[in-house]
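Subject: Structure handover

Hello,

Please find the structure below, with notes on what was found in it.

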Amino acid sequence: MAEILKGNAVTAAINDRTASAVEELKARGVSPTLCIVRVGERPDDLSYENGAVKRAVAVGVEVVKRAFPVDVSEDELIQAINEINTDCSIHGVLMFKPLPKHIYEARVCNALSPEKDMDGITDLSMAGVYAQKPLGYSPCTAQAVIELLDYYGIDLTGKNVTVIGRSLVIGKPVSMMLIKKNATVTVCHTKTRYLPAVCRRADILVAAAGKAGMVNSDFVHEGQTVIDVGINWSEEKQKIVGDVDFDSVSPIVSAITPVPGGVGGVTTSVLMSHVVEAAKKYAD
């Protein structure tokens, strides 16, 4: 049976570092503060917001909220973001997406200062990930994958890593971050020919396609590490499941992350660490 790479231990380690950094900053008169920008009341946004607030309280990060009705105008939203950009008491911003269809999302996202972009939603933040320069911050979920691999001592140097997924939220940025760790990365997606065979060649498989249970025993081999980033609702099982069919894959591979309880739980801790990093830069 595979080693289960649980996220709670990773989360605890990040939280300890973050809480210590918060204490040091508060001693210098700086209180790290996150602003949550939300349009409407989507259940998944509210759920993540509640989790983020709890995590913030746990590590000492302050939270302010800017909630807008679903029919807010694009100009009004951008004006609010401009105000946040110039507010020195706010060090980081988490803005929920997708925005309503009447709003040009790219314009709104890029109105945010990359220095306050905690989840890699601006073009400059993404450019920083690709160019390996400190422009904004990487998407929290992509960073959570790296944090988990680091915590469990999984050396990426020279390893063949296959990433299933090409989104700007996870697939593409995590690929760049893995390359920075000296991995050799193959990026696949649901249209890749002979996908199971490609995945079987990997030392480490990162599943981030957003398709419940698509990775089964045909995709893996003995000795492989599998990182499941997927979060999907299964009507059949009536519960949250990953992109990996855990029951068929876990008896084969050497290590695997569970869903829930794996990468997802690390994400909000990464978010808070980004806020503290931004506050440090402000303090310095």
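Glu-62 is partly exposed, with a relative accessibility of 38%; partly exposed sits between buried, under 20% relative accessible area, and exposed, over 50% (1.4 Å probe, protein chains only). The accessible areas come from the Shrake-Rupley method with a 1.4 Å probe, and for residues only the protein chains shown count as cover.

This is a predicted model, in which local features need pLDDT of at least 70 and side-chain atom pairs count only at pLDDT 80 or more, while totals for chains, interfaces and linings use all residues. Residues are numbered from 1 along each chain as its sequence is written, and side-chain values use heavy atoms, with hydrogens and water left out.

Salt bridges

Glu-62 forms a salt bridge with Lys-26, and the closest N and O atoms are 3.8 Å apart. The term stands for a side-chain nitrogen of Lys or Arg within 4 Å of a carboxyl oxygen of Asp or Glu. Lys-26 belongs to helix α1 and Glu-62 to strand β3 (residues 62-68), so the pair ties together parts 36 residues apart in sequence. Helices (H or I, at least four residues) and strands (E, at least two) are DSSP runs, numbered from the N terminus. Lys-26 is also partly exposed, with a relative accessible area of 38%.

By this rule there are 12 salt bridges. Another one joins the side chains of Asp-284 and Arg-28, at 3.0 Å from N to O. This pair links distant parts of the chain, 256 residues apart: Asp-284 is in the segment after α10, and Arg-28 is in the loop between α1 and β2 (33-39). Asp-284 is exposed, at 71% relative accessible area.

Which residues of helix α10 lie 4 residues apart, about one turn of the helix? They are Glu-277 and Lys-281, and their side chains meet in a salt bridge (3.8 Å, N to O). Both ends are partly exposed, Glu-277 at 37% relative accessibility and Lys-281 at 45%. Elsewhere, salt bridges with shared partners join Arg-38, Glu-49 and Lys-65 into one network.

Helix α1 (residues 7-27) has 21 residues and reaches 30 Å from its first C-alpha to its last, close to the expected 30 Å. The expected span is 1.5 Å times one less than the number of residues. The buried residues of α1 are Gly-7, Val-10, Thr-11, Ile-14, Asn-15, Thr-18, Ala-21, Val-22 and Leu-25. Seen down the axis, these fall within an arc of 135°, so they line one face of the helix; the arc is that of the directions from the helix axis to the C-beta atoms. The background is that an α-helix has 3.6 residues a turn, so residues three or four places apart point the same way.

The cover over the buried residues of α1 includes α2 (43-59), α6 (140-151) and α10 (263-283); contact here means heavy atoms within 4.5 Å. On the other side of α1, Asp-16, Arg-17, Glu-23, Glu-24 and Ala-27 are exposed. After α1 comes Gly-29, with a positive phi near 90°.

Helix α3 (residues 74-85) has 12 residues and spans 16 Å from first C-alpha to last, close to the 16 Å expected. Its buried residues are Glu-74, Leu-77, Ile-78, Ala-80, Ile-81 and Ile-84. They cover an arc of only 155° around the axis, which puts them on the same side of α3. Among the elements covering them are β2, β3, β4 (92-95) and α4 (105-111).

Two serines

Is Ser-250 buried or exposed? Ser-250 is buried, at 3% relative accessibility, and sits in the loop between α9 (246-249) and β11 (255-256). Apart from neighbours within four places in sequence, Ser-250 is in contact with Met-1, Ala-2 and Ile-256.

Ser-167 is partly exposed, with a relative accessible area of 31%, in the loop between β5 (160-164) and α7 (171-180). With the neighbours within four places left aside, Ser-167 is in contact with Lys-172 and Pro-173. Ser-167 and Ala-208 are 41 residues apart in sequence and 8.5 Å apart in space, C-alpha to C-alpha.

Surface patch

Ile-231, Trp-233 and Ile-240 form a nonpolar patch on the surface, with about 320 Å² of accessible area together. Patches are made of residues with over 30% relative accessible area and no salt bridge, with like charges joined within 9 Å and nonpolar side chains (Val, Leu, Ile, Met, Phe, Trp, Tyr) within 5 Å. Ile-240 lies in strand β10 (residues 239-241) and is partly exposed, at 33% relative accessible area.

Regards
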